[in-house]
Amino acid sequence: MKRAGLYAAAAGFMLFAGFPFYWMLLTAFKQNRDLYVGAFDTRHVPWIFNDPPTLEHVRLLFGQTEFPRWVLNTLVVVVAVVVITVVVAVPAGYSLARLTGRWGERLGMGIFFTYLIPPTLLFIPFSRVVALLGLQNSLGALILVYPTITIPFCTWLVMGFVRSVPWDIEEQAMIDGYSRLAVIMKVAPRLIVPGILTVVVFSFTLVMQEFVYALTFLSSVDKMTVSLGVPIALVRGDVYHWGALMAAALVISIPLAIIYNLFIDRFIQGFTMGAVKG
Amino acid sequence: MDPIVVGVELRNLSRRFGDFHAVDGVDLSIREGELLVLLGPSGCGKTTLLRMIAGLERPTSGEIFIGGERVDADVPPRARGIAMVFQSYALYPHRTVAQNIAFPLEASGMPRSQIADKVRWAAEMFGIARYLERYPRQLSGGERQRVALCRALVRDPKVFLLDEPLANLDAKLRNTARDELKRFQRRIQRTTVYVTHDQVEAMGLGDRIAVMDHGKVRQIGTPQEVYEDPVDTFVATFVGQPPMNLVEVRDPALPPGTLLGFRPEHFLPQGHFASGEPTQVFCFAVRRVEYLGSDRYVYGSVAEQGFGEATVIAKLPAIVATPIPEGEALEFAVPRKALRYFDAATGARREGGRGP
Ligand SMILES: Nc1ncnc2c1ncn2[C@@H]1O[C@H](COP(=O)(O)OP(=O)(O)OP(=O)(O)O)[C@@H](O)[C@H]1O
Ligand SMILES: [Mg+2]
């Protein structure tokens, strides 16, 4: 009886989570005639194919926009930002938690506050810096700017995470014959893997969805990322190319959904570790 | 007489956190091969003391010698020839039991084949050879404790530091583990510092016991010395279950503010003593009797005849069959040689003082 309830709830959530995907799929392959019906035809059923499916939107997306290019650009930015963030934020967070004692806390708070500064305040100084470095209209601008958002937050995240990992184990390693440096290089990373994964997922997510900075710093179509290129190319004035928009969203979100599912356990562990450490 | 070989020596060792003295001027000399128990209530600085010996905590002042050599703050833990078992066991969660035990050996650069042999040997010694391929999360508390001890053992250290290694076990397991630990320590004859707040454990395990309170060592001695001749009221009441009875004496023959102390098991119905034995007789107003199977605890007071109000407990073994009616006053007595005197103001022991 309890089981049945559980399954019913799970099924409910599955429908809730899966419905957007279904809608994307439907919209991406529907003919325009089937999509834009208007409110007058009351016999029209919106959640099935009323006309045979078509590839017309997919052709528009891949043939008449730079979509594959944008995917590639996004990938470049994502990888660069994730690497930079991990390389900076993980050691920073670790040392703030473990090595600097009382000051670590205050520094950590300070770093977190920089994350709270709204991006709109930073446009002008950023454009100066970007111009100075000659990075206008290049992916380099994003690779420079995004870590300013990810690093403070992730440093703070890692700091909290490392605090929740008992120090005993690292001290034990120091007694067992390792130097502090060897402990940091060999023992600690393995203990904070969930924290590192959380950092990866966070930076990844941020880059995938960021729009405002991309809009500011990129102007040529072939330099754009997915989150910028797709709305710019497929929303013309007030005409939304729903089919192609949904096709783009689908192509991007399915691999993401799969990757997230592989990591989701660790990701959640990263956020809740302090609470349930056992 | 041979000079005593010193395993660990602490001289005037202190550790402050802000203006809080966690460890306050401790002098301690632990003999080679001895098992010394650090006993004290929670928060008295036992762990801090142990961590300073291990080199995980920097002393505010004082000196530490291990095997006759001074270890300064710049001698790192790995160079001190110690092994420590944390209260949490601190097993590496992502390594199997075998890998956990091998970890200190890998650090010392021992060849792989030799490591495998040594791990197997040590695991067999602790009866955990069956679990070698498991992960710590797949073990019970008792098994984890043995893995932690086993990992400490393979290093072949000069000194073992054990921080409440049995605290996480249930009462029954704790008894067997205590016995195993004692036998193990006897066999390897290695200097061991054992921290606990459980006085039964301390009495059962220790060659000597150092009783700590508020960062200071109050008394150090064999379990018998600590039990029979406590140096102050803190030790007298901390060691022993139920604790030593302390009643104020108002007797012109004694200096004012004297406390009289006697163990509950020495406090028996008067008829129980041979007529020639010198005893101190009390009029014991019984309030309540607790039947515990092997013993009866009798609660009451001896407030007449110039004694204080404090509750007094008598511990009667089952062989003393005298009926004890609640609410009545009975004649109880304590052998004179079991009486101890303390200063009520300072708590310090007072020698001599003939009985009141
Ligand atoms: N890093 C620290 N900063 C501040 N105070 C500390 C620190 N470590 C320990 N203390 C304080 O020092 C005192 C002694 O701590 P310690 O851990 O040595 O006690 P303990 O005797 O081991 O107690 P328990 O039996 O509960 O383990 C405690 O009051 C504790 O609050
Ligand atoms: Mg402790």
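Accessible areas come from the Shrake-Rupley method with a 1.4 Å probe, and for residues only the protein chains shown count as cover. By this method chain B exposes about 16300 Å², of which carbon and sulfur atoms supply 49%. The structure is a predicted model, in which local features need pLDDT of at least 70 and side-chain atom pairs count only at pLDDT 80 or more, while totals for chains, interfaces and linings use all residues. Residues are numbered from 1 along each chain as its sequence is written, chains are lettered from A in the order in which they are written, and side-chain values use heavy atoms, with hydrogens and water left out.

**Chain A as a whole**

- Chain A contains 13 helices and two strands; helices (H or I, at least four residues) and strands (E, at least two) are DSSP runs, numbered from the N terminus.
- The radius of gyration of chain A is 23 Å, whereas a compact globule of 278 residues would have one near 19 Å. This radius is taken over C-alpha atoms, and the globule rule is 2.2 Å times the number of residues to the power 0.38.
- Along the principal axes, the C-alpha atoms of chain A fill a box of roughly 75 × 65 × 30 Å.
- Among contacts (heavy atoms within 4.5 Å) in chain A between residues at least 6 apart in sequence, 76% join residues at least 24 apart.
- Chain A carries 19 positive and 14 negative side chains, and the centres of the two sets lie 6 Å apart. Lys and Arg count as positive and Asp and Glu as negative, with His and the chain ends not counted; the place of a charge is NZ of Lys, CZ of Arg, CG of Asp or CD of Glu.

**Chain B as a whole**

- Chain B has eight helices and 19 strands.
- Its C-alpha trace spans about 75 × 45 × 45 Å along the principal axes.
- Of the 356 residues of chain B, 51% count as buried.
- Of the contacts in chain B with a separation of 6 or more, 64% are between residues 24 or more positions apart.
- The charged side chains of chain B are 45 positive and 44 negative, with 6 Å between the centres of the two sets.

**Two enclosed helices**

- Helix 8 (residues 168-175) of chain A has seven of its eight residues buried, so it is largely enclosed by the rest of the structure. Among the buried residues are Ile169(A), Glu170(A) and Met174(A).
- The cover over the buried residues of helix 8 of chain A includes helix 4 (67-98) and helix 9 (180-191) of chain A, together with elements of chain B, among them helix 1 (46-54) and strand 6 (82-85).
- Just after helix 8 of chain A, Gly177(A) takes a positive phi of about 115°.
- Helix 1 of chain B has eight of its nine residues buried, so it too is largely enclosed by the rest of the structure. Its buried residues include Lys46(B), Arg51(B) and Ile53(B).
- Just after helix 1 of chain B, Gly55(B) takes a positive phi of about 90°.

**An open sheet in chain B**

- Four strands of chain B form an open sheet in the order 2-1-4-5, with antiparallel pairing; two strands pair if DSSP finds at least two bridges between them.
- Strand 2 (20-31) and strand 5 (69-70) of chain B stand at the edges, each with a single partner strand, so one side of each is left without a neighbour in the sheet.
- Two bridges join strand 4 (residues 61-66) of chain B to strand 5 of chain B. In strand 5 of chain B, Glu69(B) is the bridge partner of Ile66(B).

How values were computed:
Buried means under 20% relative accessible area, exposed over 50%, partly exposed in between (1.4 Å probe, protein chains only).
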